[in-house]
Amino acid sequence: MTVQECRACGEAFFPEPLLAYSNMPKAAQHFPDSGALATDSGVDLTLHQCSGCGLVQLGNGPVPYYREVIRAAAVSAVIREAKTRQFSEFIQAHSLDGKRLLEIGCGRGEFLSLLGPGDMQAFGIEYSESAVAECRSRNLRVSRGYPGQDLGILPEGPFDAFLLLMFLEHMPEPNTALRSIRENLREGAVGLVEVPNFDLVLDKGLFSEFTIDHLLYFTRDTLQSTLHLNGFDVLSCRALREDYVLSAVVKKRSRLDLSSFHGDQERIRGDLGAFLDRFTGKRVAIWGAGHQALAIISMTGIAEKICYVIDSAPFKQGKYTPASHLPIVSPETLLEAPVDAIVIMAASYSDEVAGILRRRFGPNLPAVILRDFGLEAVPPGKFGSGIAPA
């Protein structure tokens, strides 16, 4: 199996590999015994970089056991102490006591068992049958699984938090895995994602860090972009363990709530209606045919109360506003066909337009500027001269 495009964003690799290594170990976690030496052989590694997102990755396929988590270093007393402290801080910072947490790829429960006997409801998934059995023998709540298309919704979920520790770099389909995880989370859930730090490899020239077990080599930037792409906001990202590890705290991205826009629309509609009602039976113009003005005219239904729209752009003059079909005219039309009031809708050019209006057409023409908060009256003589493109 040879990969031709980025596993994260789908863009093509740069044409030439970054590195090509021959006769490399074909697996970092399986060691041949004396009887297997005659048939053991190396593999060739090719290291590529995505021309789109920049993620560095192997062109090779995964090792057969990529779904399993094997932690040779997890028994270290130093690691246990550091992780216990880190998990405690994570739980406290995000008020996770009494909440549900899922570790994806929990191995034999090395980290899952460090979450403490408090109110945290900790669960794990692991692909290795023997590892799952060992976890269960230690009364850890672990089920067999892998974050892929077949995982579906876990019965213990949805979860308030998750751990994904030194596992993402092994995954041939990181997007599928991250989206599978996200599917099992509550809105606003947080997570701790850790990977080997490729920034350190680049900085120190650690040419021996490449292994067929690790398909993906994340810098701080490419880790964050991959997480963003798959629906997570990165709250923080720092280097740990003498910079060998990148540790990102993430939050499941929530859908934006734009319901307040409806209230804003009704407020503007009311303000415009009240102003136009002052000139019932008279002539009112709008100055500005930009996209915001066009939208306001359509959304507030005021077209029947407007005689024309003024705009300084010659290519708009002689045409009509889309949807509302008001004629668009030049500023000189104010002299030829005067109006009784003007609503300025020229966005960032509105003050410039007000200055031109006062200078060319005097202080007595009632005019208002449409601001984000509503209508603002244009007082006589407030604005200086200028040339407005709106």
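A residue is called buried under 20% relative accessible area, exposed over 50% and partly exposed in between, with a 1.4 Å probe and protein chains only. The structure is a predicted model, in which local features need pLDDT of at least 70 and side-chain atom pairs count only at pLDDT 80 or more, while totals for chains, interfaces and linings use all residues. Residues are numbered from 1 along each chain as its sequence is written, and side-chain values use heavy atoms, with hydrogens and water left out.

Glu-194 is located in strand S8; strands (E, at least two residues) and helices (H or I, at least four) are DSSP runs numbered from the N terminus. Glu-194 counts as buried because its relative accessibility is 2%. Beyond its neighbours within four places in sequence, Glu-194 has contacts (heavy atoms within 4.5 Å) that include Lys-83, Gln-86, Met-166, Glu-169, Leu-240 and Ser-247. Within H3, which spans residues 174-183, the buried positions are Pro-174, Asn-175, Ala-177, Leu-178, Ser-180 and Ile-181.

Pockets were located on a 1 Å grid over the protein atoms alone, a pocket being an open set of points where a 1.4 Å probe fits, with protein on both sides within 12 Å along at least five of seven lines; lining residues have an atom within 4 Å of a point. Grid points are joined across faces, edges and corners, and a volume is the space filled by probe spheres set on the points. The largest pocket has a volume of about 760 Å³. Its lining consists of 33 residues, with Gln-29, Ile-70, Met-166, Glu-169 and His-214 nearest the centre. Two or more lining residues come from each of helix H1 (77-93), strand S8 (185-196) and helix H4 (198-204). By class, 19 residues of this lining are nonpolar, six polar and eight charged; Ala, Val, Leu, Ile, Met, Phe, Trp, Tyr, Cys and Pro count as nonpolar, Asp, Glu, Lys and Arg as charged, and the others, Gly among them, as polar.

For the second largest pocket the volume is about 560 Å³. Of its 22 lining residues, Ile-268, Gln-292, Ile-296, Leu-370 and Asp-372 are closest to the centre. Helix H6 (260-277), helix H7 (291-300) and strand S16 (367-371) each supply at least two residues, and H7 gives the most, with seven. The lining comprises eleven nonpolar, seven polar and four charged residues. Ser-260, found in H6, is partly exposed at a relative accessible area of 45%.

Strand S16 also belongs to an open, mixed sheet of six strands in the order S14-S13-S12-S15-S16-S17, where pairing requires at least two bridges found by DSSP. Its edges are S14 (328-329) and S17 (374-377), each of which pairs on one side only. Strands S12 (284-287) and S13 (308-310) run parallel and are joined by three bridges, and Ala-285 stands opposite Tyr-308 of S13. Helix H9 (350-361) packs on the sheet, touching S12, S15 (341-344) and S16, and its direction makes about 175° with that of S16. For such angles, axes are lines fitted to C-alpha atoms, for helices over the stretch in contact, and values run from 0 to 180 degrees between N-to-C directions. Tyr-308 is also touched by Thr-333, as is Pro-338, not counting residues up to four places away in sequence. Thr-333 lies in helix H8 (333-336) and counts as buried because its relative accessibility is 13%.
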